[in-house]
Amino acid sequence: MAADLKPGDELPELRVTPDAGLTRRYAEASGDMNPIHIDEDFAKQVGLPGCILHGLWSMAQVARAQAQVADGDPRALKRLAVQFRGMGFPEQEIVVSSKVTGVDGDRITTETIAVQGDRAIIKNATAELELV
């Protein structure tokens, strides 16, 4: 499969809209009960417009987008590094876009960005995948 890809190729976009209850479910599953993720009033008291998404959930969407090129197999993802650049919010679509930056045998490297509206929430993400 890596042989079909070349630097500059774009991977399929991942579009996901987190629902209003996602931050509470993710907080319970991850153990990260920070009130900025689950308490609307608290989030507003500290200057946020409302509850914000967990950064690691957003990072997981970047990983999910990479795995799409390997038929959804997360084991293909060998390395992932991201820079968190902005807050994400429930009920707003996130678009994850990736471009191939290198191909070496069965391995590809990608550069990825995740945006919500006109704001980047993750930038300069790099991944390495093994496609066999």
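The model is predicted, so local features need pLDDT of at least 70 and side-chain atom pairs count only at pLDDT 80 or more, whereas totals for chains, interfaces and linings use all residues. Residues are numbered from 1 along each chain as its sequence is written, and side-chain values use heavy atoms, with hydrogens and water left out.

Helices (H or I, at least four residues) and strands (E, at least two) are DSSP runs, numbered from the N terminus. An open sheet is formed by 5 strands in the order β1-β3-β4-β5-β2, with antiparallel pairing; two strands pair if DSSP finds at least two bridges between them. At the edges are β1 (14-16) and β2 (77-84), each of which pairs on one side only. Strands β4 (residues 107-116) and β5 (residues 119-130) run antiparallel and are joined by 9 bridges. Opposite Ile 108 stands Leu 129 in β5.

Helix α4 (residues 55-67) lies across β1, β2, β3 (94-104), β4 and β5, and runs at about 140° to β2. Such angles run from 0 to 180 degrees between N-to-C directions, with axes as lines fitted to C-alpha atoms, for helices over the stretch in contact; contact means heavy atoms within 4.5 Å.

In helix α1 (residues 22-30), the buried residues are Leu 22, Thr 23 and Ala 27. They cover an arc of only 130° around the axis, which puts them on the same side of α1; the arc is that of the directions from the helix axis to the C-beta atoms. The cover over the buried residues of α1 includes α2 (35-38) and α4. Exposed residues Glu 28 and Ala 29 are carried on the face of α1 turned away from its buried side. Buried means under 20% relative accessible area, exposed over 50%, and partly exposed in between (1.4 Å probe, protein chains only).
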